[in-house]
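Thanks for making time this morning. Please have a look before I start.

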Amino acid sequence: MLKGRVISSPERNRFQRSCESWFSISKPIFANIWHNFPLLLSLARARSKMAKYVLFVLVVSSQIATSPAVSDEEIDEFLNICIDAKHHKSQPGPEGDVFNKTFHCTPWKSHACCKANTTLKIREDGALSLYNMRWDQCNRSMSTECRRYFEKDTCMYECSPYLKPWIVVDTKSKKTRKERFMNVPICSRDCGEWFDACKGDFTCSNNWGDYTTWNWKTGMCKMECKTFKQYFGDPENFCNKIFNYSWKYTEGKAGEDCMTLWPSGSTNINKKVAEKYARKHLTTESSAPVLSTQAIVTVILLSLGGSLL
């Protein structure tokens, strides 16, 4: 099942430290069990059920073994990846002066998953050249304010390198991508501003990420033309559903609790959010608690003691 899988250096280092930690814990435990075997056996045979219970609780509660803490290096390695999709690079990196001179995807200029020609296409016609997706629907032109937010959204999708905690396999897309992201925590403030900018504009889909809502051969519209407000109602539903739950409307502070569509400044504050989720993911993956040898042997002794009474 694992044939062909390449194990990264952080994974290998974490596994090695886990093994070393287990052996360092187990060696003195075995020696202690051997030295105190008569006492453990007598306690196991004790007729007092309370004595057995106390021994069991003390041993188990004090002998939970956990893996070492996740390092910053492992987190950086975990996040150093892009979505497996048509226009994305395999790994993020700088894209040169084109970001500074000719385009507005500046938050990702030094560490981007998008290529320069991809950003230029976004500027020229939104998502038309990239995905044959028309933002001007229902025989109307999208307002400048609304278009600007969809440009920001597309920049975030194409360029952001900090989405690994939310990447999943895309089982429906056959041409444009093998992976997508789901439930990325977008700040409620961004969702509110985006919805306000677009609520009066018209669309003919209640889920832009659901390919079945479009007619790709006759100019997009397949469903009834309505305003964004009529289709989505409020900022939360809009953010969650506009791209099939790629985003998740999230209350909180940008850079701590949620991401922003346009992380301005010298530091990309979205990275801090990604690091927070990455640490949680890696810790959960590598630090599942396990009973130590002493706890397991004690349970066996208690069982044997009960059968010998």
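Start at the S-S bond of Cys 82 and Cys 113. The torsion about that bond is about -85°, so this disulfide is left-handed. Keep in mind that what you see is a predicted model. The two sulfurs of Cys 82 and Cys 113 sit 2.0 Å from each other.

Next residue along, next bridge. Cys 114 is joined to Cys 159, S to S 2.1 Å. The torsion is about 95°, so the disulfide of Cys 114 and Cys 159 is right-handed. Again the pair links distant parts of the chain: Cys 114 belongs to strand 3, Cys 159 to helix 8 (residues 144–159), and they are 45 residues apart. Cys 114 is buried, at a relative accessible area of 0%. Cys 159 is buried too, also at 0%.

Now a third one. Cys 138 pairs with Cys 225, with an S to S distance of 2.2 Å. This link is left-handed, with -105° about the S-S bond. Cys 138 is in the loop between helix 7 (128–131) and helix 8, while Cys 225 is in the loop between strand 7 (202–203) and strand 8 (226–227); that puts them 87 residues apart. Look at burial here. Cys 138 is buried, at 13%.

On to the core. The largest nonpolar core has 53 residues, and those touching the most other members are Phe 150, Trp 194, Trp 208, Phe 228, Ile 242, Trp 247 and Met 259. Several elements each give at least two residues to this core, among them helix 4, strand 3, helix 9 (188–198) and helix 12 (270–286). Which element supplies the largest share? Helix 8 does, with 7 residues.

Take Met 259 from that list. Leaving out residues up to four places away in sequence, Met 259 touches residues including Met 156, Trp 166, Ile 186, Cys 187 and Val 273.

Helix 8 comes back in the pocket. The largest pocket holds about 760 Å³ of space. It is lined by 27 residues, and the closest to its centre are Tyr 131, Met 133, Thr 176, Tyr 211 and Trp 216. Helix 7, helix 8 and strand 5 (179–181) each put at least two residues into the lining. The largest share, 4 residues, is from helix 8.

Last, confidence. Mean pLDDT for the chain is 80, with 67% of residues at 70 or more. Over residues 1–5 the pLDDT is below 50, and that stretch has 1 contact beyond near neighbours in sequence. Residues 61–66 also stay under 50. For that stretch, the model has 14 contacts beyond four places in sequence.

That's my tour. Over to you.

Terms used. Residues numbered from 1 in each chain as written. Predicted model: local features only at pLDDT ≥ 70, side-chain atom pairs only at ≥ 80, totals over all residues. Heavy atoms only, no water. Disulfide = S-S within 2.5 Å. Buried < 20%, exposed > 50% of the residue type's maximum accessible area, 1.4 Å probe, protein only. Core = buried A, V, L, I, M, F, W, Y, C linked by side-chain atoms within 4.5 Å. Contact = heavy atoms within 4.5 Å. pLDDT = per-residue confidence, 0-100. 1 Å grid on protein atoms, 1.4 Å probe; cavity = no way out; pocket = protein on both sides within 12 Å on 5 of 7 lines; lining within 4 Å. Points joined across faces, edges and corners; volume = space filled by probe spheres on them.
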